[in-house]
Amino acid sequence: MTQQLLILFHPDVYICLLFLAVAIVTVVAWRMMRAARQRWVRPTVITLLAALWLLAFYGTFLGVTGVRVRHVTFFSDDLPPAFDGYRIVQFSDAHVGSFNGWRKQILQEAVDSITAQQADMIVFTGDLQNTCPADIDPHRRLLATLKAPDGVFSVLGNHDYAMYVDQDLEQQYRQVTQTCNEEGDLGWTLLNNDHRIIRRGADSLVIAGMENDGENRFPQYGRINSALYGLRRQSFVVMLEHDPTAWRRKILPHSHCQLTLSGHTHGGQISLLGLSPAALTYHEYSGLYYVGNRAINVSSGIGGVIPFRIGTPPEIVVVTLVRGKR
């Protein structure tokens, strides 16, 4: 079990700190402006401060709303004929502890959007909570409404390991166990280095899941051999893994999984002019990426410990599987 990386606070604390920082910048800039003698300084400073306040308000109150439904199509010659046109709804990084107060309606909108797709399967790719399973309690009834003909499958993300609260390893283990039980109580099938087989007559599709397998100090519990144990090389596999860095490190070199679904990056939560801070850290951070005939889809998620987004709206992803070449 991994020790905590840092201690997290209530989401609204971060928002208050954000506006405090903007206010401090405003005061400092205003004093500098008044001391400056050049004529161009005043309109420039006022314009920049207005833009700063506008971005702060937009990211806090508008950027986190309006759940987007993103559609992607994955083509593969390996897809069994009976699963041609099969549809999977992926959602990720719920961070339900941030959906308090007026933000509860965002989670409701996301659940309604998922249900409206009437997909064959629903998958959740990790980070259900912010810090501990108590985050899940207020939203249990809503999350339990998610149903699909072939089931709802999930994996753990780094936040689901209760790493971000001050507690000993025994307490942390109990918290992780409780989180796993909570997901089971929702009616979800948690795939901790495990898989299930979906059948359509003589054809089959494998939905597999690895535990979080990140880089550096993030949890590294993914066991790909365990997740795929007993499967034939010819199997068509959809792999769930929270951290997309595991795709190049483990999934591509050590398996034949055709499609991987991930989250974790939140798309950087900010994207201006197509530029995202996530691009500095991740090869794949938002969208569908191919290497040869295999692919990973990285979802920007629907939530975050810091409820703030600009240019990266909360999203669910509808993945359609198509037999054939792209």
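Two strands count as paired here if DSSP finds at least two bridges between them. Keep that in mind as you open this model, which is predicted.

**Stop 1: the β6–β7 pair.** Select β6 (194–200) and strand β7 (residues 203–209). The two run antiparallel and are joined by 7 bridges. Click on arginine 196 to find isoleucine 207 of β7 standing opposite.

**Stop 2: on to β8.** β7 and β8 run parallel, with 4 bridges between them. For a landmark, pick alanine 208: its opposite residue is methionine 239 in β8.

**Stop 3: the two faces of β8.** In a regular strand the side chains alternate between the two faces of the sheet.

**Stop 4: over the helix to β9.** Follow the chain from β8 through helix α7 (residues 245–254) to β9; together they make a right-handed β-α-β unit. β8 pairs with strand β9 (residues 259–262) in the parallel sense over 3 bridges, and leucine 240 stands opposite leucine 261 in β9.

**Stop 5: the whole sheet.** Finally, select all 6 strands of this open sheet, in the order β6-β7-β8-β9-β11-β10, where the pairing is mixed. β6 and β10 (287–291) each have a single partner strand, so one side of each is left without a neighbour in the sheet. From one strand to the next, the twist averages 20°.

Methods. Residues are numbered from 1 along each chain as its sequence is written. This is a predicted model: local features need pLDDT of at least 70, side-chain atom pairs count only at pLDDT 80 or more; totals for chains, interfaces and linings use all residues. Side-chain values use heavy atoms; hydrogens and water are left out. A crossover is right-handed if, with the strands pointing away from the viewer, the path from the first strand over the helix to the second runs clockwise. Axes are lines fitted to C-alpha atoms, for helices over the stretch in contact, and angles run from 0 to 180 degrees between N-to-C directions.
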